[in-house]
Amino acid sequence: MVAGTSASREPRRRRSAPSPQALERLEKLLGSGQVLIAGRDDVARYETDVLGRHFPACWVARPKDVDDVRAVVRWAYAERAELVVQGANTGPVLAGVPRPGGRHGVMSMELCRSTIDVDVVNRTVTVSAGVDLDTLNDVLARDGLTLPIDLGANPSVGGMVAANTGGARLIRHGDVRRHVLGLEVVLPDEHATVLSLLRRLRKDNRGPDLKQLFIGSSGTLGVVTAAVLSVDPVPRQVAVALVAVADGPDVLRLLTVLEARATERLSAFEMLSRPTLEAISRHRPQGMRWPLASSRAQQLPPFLVLVELNDADTETSGRQSLEEELAAIVEHASAEGWVIDAWFGPPGTLWALRHAAITALRQEGPMVAFDVSVPRSSIFDLRERAIALFAETAPHARYADFGHVGDGGLHSIAIWPDDLPVEQRGEEQDRLRDAVYQLVDAFGGTFSAEHGVGPDNEAAFRRYTPPEVRALHAALKSVFDPQGILGAVDLS
Ligand SMILES: Cc1cc2nc3c(=O)[nH]c(=O)nc-3n(C[C@H](O)[C@H](O)[C@H](O)COP(=O)(O)OP(=O)(O)OC[C@H]3O[C@@H](n4cnc5c(N)ncnc54)[C@H](O)[C@@H]3O)c2cc1C
């Protein structure tokens, strides 16, 4: 089994772009407007990632359903044409855009949106892969239901499955994996085999759970065409506070106290450090109300934590309301002297500050963002070491961070001055990547907490994944994708 290594998929290395005749054959397979050819049609938006990086595509196919997907896959297999599957193109690790070189095609799932079938009694939804999260939640809301994956972007269902999206409510509701009950997947083999694993079951033990292999596979093993997701009741009560504390140990103390007192009602615990708050205050989105007492840099706290409690109950059944409960916990901590300040307000206003973080930081200058996680008990030790490492290896960069600290996630960001020569920045970036990934590994952490694997972190995958695990990945790849046509990364 382990013998199926990258050597047996050697063809991947000797590809060229499909010929004009091959592209004509592709066009004949799908309806009009469903195939775009570079040079003739405008394909720019499929070639540019969320950070504005651009890699030319040779062709773009836009299937509408599973039959179209199969037709494209069979064509790609016959032509040995490499392709990446693209959902809403919000992934930040280059996994959904072509590899450099201009020979890759893109299979965009944006037209695969025919089905959103809600089963209220089963509390599930069967949904096409191209449906986006906001649309799905709008439909679910009519029945008082929601897919509780919360992030500052609007990804597709297929992209969320392939990246196993986490988001800000993972601490309570889990990642996408926790919600996937069934999948339909087209394999990139000769027959474009359809794996119909689309059952609406919460228990099913007919052998190993094969659908798990595609969750978090970064679009390398198959094309997800539909999913059955377990969904939750929309929370009827939500209480949010922004809590200022002086240091990392107090952030973790707040987390421990909240988990002990609010138990499973704690639905988000998001940290923003002062440099990130400064960036948000400088690049505040239009119309955003500043929720803290001041936006002056010297008056911003070292750490601000967004805390959310939610509950599906409308009634508090003799308990305090969630707002009272949250206020009581925070007041108690203030009385003990380790919470500096706290702000309560409409959830939307307080969340707007959190969701503004990444966009504001991007406006500060060229940046590299690390998406790491460690056991959350170590997160501030890691942070302290990371700050020192940034200073040593990337002396021209500034450090900022924020993250889903409640689940051990940290987005550490390096920002360079605009006027630093590109080569110098490139050298510092390379050194920094190596150093940060080594540090995270030493903490027993991961170089990819929630964004999956793409060309951005492929080298880290190679370096920090044990050889026996990589050999198994290679073996799986050669079973599912014998010609090595699918995906922007080689996970072997
Ligand atoms: C502002 C912002 C905030 C974000 N916050 C978070 C966050 O809090 N948590 C988090 O986890 N992520 C976050 N992300 C990252 C991103 O939104 C997620 O990774 C998302 O799940 C990607 O989905 P997508 O549809 O955009 O996929 P794409 O970016 O199009 O593709 C991502 C990967 O999925 C594969 N793929 C897409 N569709 C399919 C399919 N149908 N079948 C097989 N493979 C497929 C692609 O090949 C690629 O490997 C954020 C992104 C932005 C821009």
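**View 1. Helix H3 lies across strands E8, E9 and E10.** This is a predicted model: local features need pLDDT of at least 70, side-chain atom pairs count only at pLDDT 80 or more, and totals for chains, interfaces and linings use all residues. Numbering starts from 1 along each chain, as its sequence is written. H3 covers residues 66-79 and runs at about 45° to E8. Helices (H or I, at least four residues) and strands (E, at least two) are DSSP runs numbered from the N terminus. Contact means C-beta atoms, placed from the backbone, within 7 Å. Axes are lines fitted to C-alpha atoms, for helices over the stretch in contact; angles run from 0 to 180 degrees between N-to-C directions.

**View 2. Five strands build an open antiparallel sheet.** The order is E5-E6-E10-E8-E9. Strands pair if DSSP finds at least two bridges between them. E5 (116-119) and E9 (194-197) stand at the edges with a single partner strand each, so one side of each has no neighbour in the sheet. Neighbouring strands are turned by 15° against each other on average, direction ignored. E8 (residues 180-186) pairs with E10 (residues 223-230) in the antiparallel sense, over six bridges. Leu183 stands opposite Ala227 in E10.

**View 3. Helix H4 lies across E5 and E6.** H4 spans residues 133-141, and strand E6 spans 124-128. The helix runs at about 40° to E5.

**View 4. Four strands form an open sheet with mixed pairing.** The order here is E1-E2-E4-E3. Strands E1 (35-37) and E3 (83-86) are the edges; each has a single partner strand, so one side of each is left without a neighbour in the sheet. On average, neighbouring strands are turned by 20° against each other, direction ignored. E3 pairs with E4 (residues 105-108) in the parallel sense over four bridges. Leu83 has Gly105 in E4 as its bridge partner.

**View 5. A shell of 36 residues surrounds the ligand.** The closest are Gly87, Gly91, Gly158, Gly159 and Gly219. A residue is near a molecule if its C-beta atom, placed from the backbone, lies within 6 Å of it. E3, helix H5 (157-163) and E10 each supply at least two shell residues. H5 gives the largest share, five residues. Domain 1 (6-111 + 465-480) and domain 2 (116-233) each contribute at least three residues. The domain bounds come from an automatic or database domain assignment.

How values were computed
Two residues are in contact if their C-beta atoms, placed from the backbone, lie within 7 Å.
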